[in-house]
Amino acid sequence: MSSLPQYGFINTCLKSLVTEKFGDETWEKLKTQAEVQDTFMTYTVYDDVITLKLIQEACKILDMSEDAVLKLFGEYFFTFCKISGYDRMLRSLGGNLTEFIENLDALHSYLALSYQEMNAPSFRVEKRTDGAMLLHYYSDRRGLCHIVPGIIESVARDFFNSEVTMEILTQSEEKERTGKKEHVIFLVLQKAKRPKRKTKKTTNPESGDSHIDKEALDVAFQKVENYSALSCCPEKKSHWDIVRSVVKFGKGKLSHTFDPVYPERLWVEERTFCNAFPFHIVFDEELRIKQAGVNIQKFVPGLWRPGSRVDKYFTVVHPQVTFTIFSIRKFINSQFVLRAHREMLPDSRRNQPMLKLRGQMIWMEAIQCVMYLCSPKLRSLEELEEQKMHISDIAQHDATRDLILLNQQRLAEIELSNQLERKKEELRILSKNLEAERKKTETLLYAMLPKHVANLLKEGKKVEAGEFNSCTILFSDIVTFTNICSACEPIQIVNMLNSMYSKFDRLTSVHNVYKVETIGDAYMVVGGVPVPIASHAKRVANFALGMRTAAREVMNPITGEPIQIRVGIHTGPVLAGVVGEKMPRYCLFGDTVNTASRMESHGLPNKIHLSPTAFRALQNQGFEIVERGEIEVKGKGKMTTYILRQNLHATENEIMGRAEKQQSFNPRGPDFQRCWVLAFPLI
């Protein structure tokens with residue numbers, strides 16, 4: 001199928017359908033798979049390929065056939081048009097379904113004033129002798145005909161209170177048409193909703209009848225319903241409207257409420273008629289021109305020559321059919337648009353846009369001729385000037401005069417709407433980018449300060465220092481770090497520290513401890529600050545075990561062997577608060593910090609050194625702890641310290657926050673499987 005333009009209104013409707021019926025997540029998935037943008041502007045033209053890709057991907061995601069998706073889209077498109085402000089315009093098209101469909105082409109012609117690139121389908125209604133209604137659908141877009149039943153059934157149900165079903169009779173390609181070659185014929189079956197009736201007893205003072213004969217009334221109602229099934233879709237009627245219809249049906253007056261009176265002769269002079277309707281052409285079955293309005297002769301010189309054929313001067317633009325009497329009579333209820341042939345115009349007019357006429361074809365049976373009653377097809381004052389016309393060239397009774405002036409204002413409003421939509425989209429993108437940058441900034445800020453502290457600072461509030469009665473502090477450093485620095489390039493030291501700290505940082509999230517700071521090779525964390533928690537000692541102990549395991553994966557740049565770390569832990573009270581304004585830091589103060597630092601500096605390689613208070617906090621918590629003995633601690637004197645070996649109830653994978661790896665095999669066929677976790681010995 002060739003690529004055609006499609007306005008953003010269609011894609012916006014499709015997005016609205018998916019989000020409303022299936023949720024925002026489905027739309028996000030759909031647009032990602034279809035590789036399309038998130039927002040479409042109403043008056044911007046997009047390639048048909050975008051719409052087709054969205055429909056194809058919707059079929060896969062929603063697990064629906066393409067026919068079902070298109071019908072669902074048709075139903076929702078009607079609703080979307082109503083909520084978009086076209087409700088009153090749609091209701092005004094006709095008093096029944098047939099009139100509604102017959103005037104759709106006229107509506108499309110009007111909308112083309114605003115949507116100039118619109119390539120809408122064409123519709124034609126045909127009534128069979130058995131009373132059934134056939135709907136002819138013509139389009140340049142193949143494969144989209146299933147949208148039509150969704151729209152028409154919704155229109156019948158909403159506007160005319162009728163249930164309509166449609167089925168495809170034939171689907172073919174029209175050879176005689178110059179465009180919109182896909183031709184689909186639908187059989188429209190409809191039945192009016194029967195109004196609810198209440199039988200009410202009445203007393204006729206003259207006759208004395210107590211109530212209406214129920215059986216006779218039902219027969220009358222059945223007559224009306226049978227008539228409705230064969231006719232155009234009826235309007236919603238009240239109980240008394242139906243009673244009146246029953247009376248008229250019996251008298252044979254259902255179709256006409258009055259008999260028009262026609263004069264014996266037409267009381268209009270030829271000259272007067274041609275001046276009153278300056279744009280009209282009368283031609284016979286062989287397309288020979290018999291009569292033309294004064295202004296159409298003015299702008300298409302040579303038209304009124306003896307024997308001139310109308311198809312020599314004009315081509316049919318809409319409906320896209322060949323210029324023959326057969327085609328014209330076939331589409332007699334459609335609006336016809338003719339375009340002048342450039343080579344038939346004077347040299348002075350050949351370089352300007354071709355004149356287009358829009359109007360109605362009327363078949364005159366008595367004289368076997370067609371009268372084309374028309375007006376110039378103009379959208380704005382600019383187009384009027386391009387045709388070198390003036391408002392005075394158009395008849396005073398012709399609504400085209402008002403339409404040009406009104407549409408000039410509407411085009412200005414559309415341009416303003418386009419600008420607003422573009423600005424709105426730019427603001428949406430800027431807002432989205434701003435939100436992404438804000439999240440980056442917050443992430444960086446939360447990495448430097450506790451979240452609640454950072455939020456207080458963002459609000460411009462002062463952060464008061466807080467006292468914590470019990471917390472656990474950890475210090476670590478690299479054994480022989482000074483020797484490593486003296487023997488390596490600076491970049492090697494940076495890479496080593498970055499690798500180690502990245503692993504440690506991940507573990508802080510696993511065990512929910514707060515990283516206070518790093519100075520050189522020293523790494524400091526705390527549990528129970530800034531959010532108090534009873535299990536702070538256990539969390540820090542598990543974090544220390546994870547540090548020791550992670551350090552084995554970091555290599556010494558000199559020896560190529562894993563680095564060794566010392567870890568010291570102490571439990572006690574601290575004071576915590578924000579220090580500084582230019583680069584504020586959340587710092588801990590108190591003797592607990594000093595003691596934890598001493599536990600690290602007096603520790604042993606690859607050992608986790610515990611103070612007496614840390615040991616008491618971890619007792620009976622499922623850890624294996626051995627006594628190191630009494631040692632001399634700088635500034636503290638003699639202290640009995642301890643070594644943390646392992647957590648007796650947690651695996652290494654759990655300590656490291658790694659998912660347990662699983663395998664499965666099938667030694668006995670598809671009905672039997674055995675699984676095990678690699679973290680435990682195989683049996």
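Modeller: The axes of helix H1 (residues 8-22) and H4 come within 10 Å and cross at roughly 110°. This is a predicted model, in which local features need pLDDT of at least 70 and side-chain atom pairs count only at pLDDT 80 or more, while totals for chains, interfaces and linings use all residues. Residues are numbered from 1 along each chain as its sequence is written, and side-chain values use heavy atoms, with hydrogens and water left out.

Biologist: What makes H1 and H4 roughly perpendicular to each other?

Modeller: Angles under 35 degrees count as roughly parallel, over 145 as roughly antiparallel, 65 to 115 as roughly perpendicular and the rest as oblique. The axes of H1 and H4 cross at roughly 110°, and the two helices are therefore roughly perpendicular. The axes are lines fitted to C-alpha atoms, for helices over the stretch in contact, with angles from 0 to 180 degrees between N-to-C directions. Helices (H or I, at least four residues) and strands (E, at least two) are DSSP runs, numbered from the N terminus.

Biologist: Which residues of H1 and H4 make the contact, and how is the contact divided by class?

Modeller: Contact means heavy atoms within 4.5 Å. The residues involved include Phe9, Leu14 and Glu20 of H1 and Phe73, Phe77 and Tyr86 of H4. By class there are 13 nonpolar, 3 polar and 2 charged residues, where Ala, Val, Leu, Ile, Met, Phe, Trp, Tyr, Cys and Pro count as nonpolar, Asp, Glu, Lys and Arg as charged, and the others, Gly among them, as polar.

Biologist: Why are H1 and H3 called roughly parallel to each other?

Modeller: H1 and helix H3 (residues 48-62) pack at an angle of about 15°, their axes being 10 Å apart. The pair is therefore roughly parallel. H1 passes H3 in a left-handed crossing; a crossing is left-handed if the near helix is turned anticlockwise from the far one by less than a right angle, and right-handed if clockwise. Ile10, Asn11, Leu14 and Phe22 of H1 meet Ile50, Thr51, Leu54, Ile55 and Leu62 of H3. This contact has 7 nonpolar, 2 polar and no charged residues.

Biologist: What makes H4 and H6 oblique to each other?

Modeller: The axes of helix H4 (residues 66-91) and helix H6 (residues 104-111) come within 12 Å and cross at roughly 135°. H4 and H6 are therefore oblique. The crossing of H4 past H6 is right-handed. Tyr86, Met89 and Leu90 of H4 touch Leu107, Tyr110 and Leu111 of H6, a contact with 6 nonpolar, no polar and no charged residues.

Biologist: How do you know that Lys31 forms a salt bridge with Glu28?

Modeller: A salt bridge is a side-chain nitrogen of Lys or Arg within 4 Å of a carboxyl oxygen of Asp or Glu. The closest N and O atoms of Lys31 and Glu28 are 3.3 Å apart, and the pair is counted as a salt bridge. Both residues lie in helix H2 (residues 24-34), 3 residues apart, about one turn of the helix. The whole structure has 35 salt bridges.
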